[in-house]
Amino acid sequence: MVATAESIRKERAAHAAPSHIALVVAASESVAKRIESYLRNAGHPVRCPWATDLEDVEDALRGGTPDLLICAEGLQTAPIKDVIETVRRQMPDLPVLVLKAQFTPEDRVAALACGASDQVSDEDLRHLRHLELVVLREITQHSRLRELRSLRKRLAEFEARHQQLLAGTQDAVAHIQEGILSDVNPAFAQLLGYTQPDLQSVPLMDLVAPDHQPKVKEYLKLLLRGKNEGKPLECCLLHK
């Protein structure tokens, strides 16, 4: 069956155990079945849906979220260059492997220069073992990259909400990194008679009353060592 976004989603739903999808673009479905059979017999839960042309690839990428794409070289219906361009447009992080029965170092360099992650072969067991290792490497890297992008997105959303809360609260709040004010909210700046930009990158000790500085320094030392036992710090800050 030619792969589509819907068929890839059904593949994932049909297997309770975690599995990966390696979309294989080739003239014959037997190529995809051969690769899938080898990987699964080696103990890797990898499914290999099959695509024959560029239109199939576009449809499979449209919401199908494969973990890897393996494209046979020399397909008139799916030239390597066009496949890679399509992937970069729809799923920029998706690794692409170029499949060729026999290839030279020059062929591999050409594949890398075209934007592929590597070149592989399914010619014999030795080549299939190499393909297995490359597939596992690329799937792992792709999974980590997707996780990193997801975490970065969540972090950005958290920071945006955090900034909104800081800006709206009437409590004076200051962020301090290595003894330097990295951020303050309007209430904190107003409390000391400053504007927010005035307090950016100002050393905390410049704002602490001289007779309170020893106490603050000692408190910060205990805090960094985790020995302050959660006790609050009371001190006087200087108004502008």
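## Largest pocket

By class, the residues that line the largest pocket comprise 14 nonpolar, 2 polar and 2 charged residues. The model described here is a predicted one, and in it this pocket has a volume of about 400 Å³. Its lining is made up of 18 residues, and those that lie nearest the centre of the pocket are Ile176, Leu204, Tyr219, Leu220 and Leu233.

Two or more residues of this lining come from each of two elements, namely strand 7, which spans 174-177, and helix 8, which spans 213-224. Of the elements that contribute, helix 8 gives the most to the lining of the largest pocket, with 5 residues.

## Cysteines

A disulfide is a covalent bond between the sulfur atoms of two cysteines. A search of the whole structure finds 0 disulfides. For Cys114, the closest cysteine sulfur is that of Cys71, and because the two sulfur atoms are 9.8 Å apart, they are too far from each other for a bond; the cut-off applied for a disulfide is a pair of cysteine sulfur atoms within 2.5 Å. Cys236 is likewise in no disulfide, the nearest cysteine sulfur being that of Cys235, at 6.9 Å.

How exposed are Cys114 and Cys236? Cys114 has a relative accessible area of 31% and is therefore partly exposed, while Cys236, at 40% relative accessibility, also counts as partly exposed.

## Leu165 in helix 6

Helix 6, which runs over residues 125-168, contains Leu165. This leucine has a relative accessibility of 62%, so Leu165 counts as exposed, the threshold for that class being over 50% relative accessible area.

Leu165 and Cys236 lie 71 residues apart along the chain, and their C-alpha atoms are separated by 25 Å.

Terms used
Residues are numbered from 1 along each chain as its sequence is written. This is a predicted model: local features need pLDDT of at least 70, side-chain atom pairs count only at pLDDT 80 or more; totals for chains, interfaces and linings use all residues. Side-chain values use heavy atoms; hydrogens and water are left out. Buried means under 20% relative accessible area, exposed over 50%, partly exposed in between (1.4 Å probe, protein chains only). On a 1 Å grid over the protein atoms alone, a cavity is a set of points where a 1.4 Å probe fits but cannot get out, and a pocket is an open set with protein on both sides within 12 Å along at least five of seven lines; lining residues have an atom within 4 Å of a point. Grid points are joined across faces, edges and corners, and a volume is the space filled by probe spheres set on the points. Helices (H or I, at least four residues) and strands (E, at least two) are DSSP runs, numbered from the N terminus. Ala, Val, Leu, Ile, Met, Phe, Trp, Tyr, Cys and Pro count as nonpolar, Asp, Glu, Lys and Arg as charged, and the others, Gly among them, as polar.
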